[in-house]
Amino acid sequence: DRQSAAQGLRLACSAALVSVKSKQLMEHLIGVGAKMTAHSASHLFRNIKTLDLRGNQLVDATMQALASSSFFPSLTLLDVSDNRIGPAGVKAFAVSSFFPNLTSVNMSNNRFGDAGVQALAPSSYIPNLTSLDVSRNEIRAVGARALASSSHFSNLASLDASCNMIGDVGLQALAASSFFPKLT
């Protein structure tokens with residue numbers, strides 16, 4: 001029933017870490033959250049620091065819903081790897097102002113390609129990002145150059161763009177970028 005589901009959701013979200021391992025459960029959580037008032041949902045999710053949504057067959061619409069949610073103001077780590085997020089989902093995330101505390105984002109293995117990276121590169125909404133994983137996303141030199149020319153990732157200490165097709169040109173652009181002073 002709806003009341004016991006909401007109570008279970010409150011208990012699950014009282015922890016600092018939420019890991020969702022089934023698409024049906026995630027859709028249920030989003031549905032329960034959507035039926036709550038903005039105040040109660042915001043209160044429920046406000047302490048979540050880590051949100052692990054990897055391997056849930058998420059698509060652009062799911063990422064757009066997450067990106068338009070103000071429910072996670074304390075989120076520092078977001079893992080949406082191993083899903084089916086395309087360029088539109090990445091763009092929705094990139095223009096969302098609801099994740100100011102994010103320090104780590106794993107978007108690996110989504111196949112959003114250059115268009116996704118080009119949507120992410122100009123984002124000024126994730127200023128505290130220190131770790132970004134865009135590996136296995138069919139990114140080519142164009143996408144690597146977009147990242148390399150972005151002044152919005154100056155706090156990055158870790159960038160994983162492995163298993164893409166960036167080639168020598170993309171690798172040289174990343175290596176020569178003056179916008180990544182903290183990369184190790």
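Start by selecting F180: setting aside neighbours within four places in sequence, F180 is in contact with L147, A148, F153, L156, L159 and L174, where contact means heavy atoms within 4.5 Å. You are looking at a predicted model, in which local features need pLDDT of at least 70 and side-chain atom pairs count only at pLDDT 80 or more, while totals for chains, interfaces and linings use all residues. Residues are numbered from 1 along each chain as its sequence is written, and side-chain values use heavy atoms, with hydrogens and water left out.

**Stop 1: around F180**

Stay on F180 for a moment. This residue is found in the segment after helix α8 (167–176). Helices (H or I, at least four residues) and strands (E, at least two) are DSSP runs, numbered from the N terminus. Is F180 buried or exposed? With a relative accessible area of 6%, F180 is buried; the label buried means under 20% relative accessible area, exposed means over 50%, and partly exposed is in between (1.4 Å probe, protein chains only).

**Stop 2: helix α7**

Two of the residues that F180 touches, L147 and A148, lead you to the next selection, α7 (residues 141–148). Six of the eight residues of α7 are buried, so this helix is largely enclosed by the rest of the structure. To see them, select A141, G143, A144, A146, L147 and A148. What do the buried residues of α7 pack against? Their partners are α6, β5, β6 (158–160) and α8.

Next, show α6 (residues 113–120) beside α7: the two helices pack at an angle of about 10°, and their axes are 8 Å apart. That makes α6 roughly parallel to α7. Here the axes are lines fitted to C-alpha atoms, for helices over the stretch in contact, and angles run from 0 to 180 degrees between N-to-C directions. Angles under 35 degrees count as roughly parallel, over 145 as roughly antiparallel, 65 to 115 as roughly perpendicular and the rest as oblique. For the residues at this meeting place, pick D114, V117 and Q118 on the α6 side, and V142, G143, A146 and L147 on the α7 side.

**Stop 3: D133 in strand β5**

Move on to β5 (residues 131–133) and select D133 within this strand. D133 is buried yet has no salt bridge, and the nearest side chain of opposite charge, R136, is 6.1 Å away. Lys and Arg count as positive and Asp and Glu as negative, while His and the chain ends are not counted. A salt bridge is a side-chain nitrogen of Lys or Arg within 4 Å of a carboxyl oxygen of Asp or Glu.

Which side chain makes a polar contact with the side chain of D133? Show S135, whose side chain lies 2.7 Å from that of D133 in this polar contact. A polar contact is a pair of N or O atoms within 3.5 Å; within protein, one must be able to donate a hydrogen and the other to accept it, and residues adjacent in sequence count only if both atoms are side-chain atoms. Leaving aside neighbours within four places in sequence, D133 also contacts V105, N106, M107, S108 and D160.

**Stop 4: the salt bridges**

Side chains of opposite charge can pair when their charged atoms come close. How many salt bridges does the structure hold? There are three, so here is each pair in turn.

- Select D82 and R136, whose side chains meet in a salt bridge (3.5 Å, N to O). D82 lies in the loop between β3 and α5 and R136 in the loop between β5 and α7, so the pair ties together parts that are 54 residues apart in sequence. R136 is partly exposed at 33% relative accessible area.
- Select R111 and E138, a salt bridge with the closest N and O atoms 3.4 Å apart. R111 lies in the loop between β4 (104–106) and α6 and E138 in the loop between β5 and α7, so the pair ties together parts that are 27 residues apart in sequence.
- Select D52 and R54, which meet through their side chains at 2.9 Å, N to O. D52 counts as buried at 8% relative accessibility, whereas R54 is partly exposed at 37%.

**Stop 5: two positive phi values**

Go back to D82, in the loop between β3 (77–79) and α5 (87–94). Its phi is near 55°, a positive value in a residue other than glycine, and D82 counts as partly exposed at 34% relative accessibility. Finish at Q57, in the loop between β2 (50–52) and α4 (60–67). Q57 is not a glycine, yet has a positive phi of about 55°, and is partly exposed with a relative accessible area of 44%.
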